[in-house]
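The notes follow in the order I checked things.

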Amino acid sequence: FVLCVASDQVRISPGDFEKDQIHAMTDALNKKYGNKVFPDVGLGISLFDILEIGDAYVYPGDGAAYIKCCFRFIIFRPFVDEILTGKIVGSSKDGLRGNSTHILESQGNLIFLTSENIICQFR
């Protein structure tokens, strides 16, 4: 796991105005970046913290608040030949589907290993 520093403009919908600003931003960032794969970076897991919060802007015709912020996000980035532990949840001639214990199970992340990537003497 690594921390990735990023900045973005977060949209806070009017229905979330009743929440504390930090909680609304946390929910919006987790929804936008959580469980998403970023090429050459890894799999987004969860917001770690918010480093900077800019001013909020409301654009005509939208009603939502847009806030620029700088934040750190937890990224799952395994290295080549890393061994992961988990449970096999299904198999076929094409490969195995497993649930890694390294990744948050509550997000329901499944890993698919193709038959070419499985090291097995019984192939």
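I started with strand β2, residues 37–38, in this predicted model. I found β2 joined to strand β3, residues 42–58, by two bridges, with the strands running antiparallel. I looked up F38 and found G42 in β3 as its bridge partner.

I then checked the hairpin that β2 and β3 make, and noted three residues between the strands. D40 in this hairpin takes a positive phi near 65 degrees.

Next I followed β3 to its pairing with strand β4, residues 65–76. I recorded eleven bridges here, in the antiparallel sense. Six residues lie between β3 and β4 in their hairpin. In that turn I noted G61, with a positive phi of about 85 degrees.

C69 has 5% relative accessibility, so I put it down as buried.

How many disulfides does the structure hold? I counted zero. I wanted to know why, and took the distances against the cut-off of 2.5 Å for a pair of cysteine sulfur atoms.

For C69, the closest cysteine sulfur is in C70, at 7.6 Å, which is too far for a bond. For C4, the closest cysteine sulfur is also in C70. That distance is 10.0 Å, so I ruled out a bond there because the sulfurs are too far apart.

Technical notes
Residues numbered from 1 in each chain as written. Predicted model: local features only at pLDDT ≥ 70, side-chain atom pairs only at ≥ 80, totals over all residues. Heavy atoms only, no water. Buried < 20%, exposed > 50% of the residue type's maximum accessible area, 1.4 Å probe, protein only. Pairing = 2+ DSSP bridges. Helix = DSSP H or I, 4+ residues; strand = E, 2+ residues; numbered from the N terminus.
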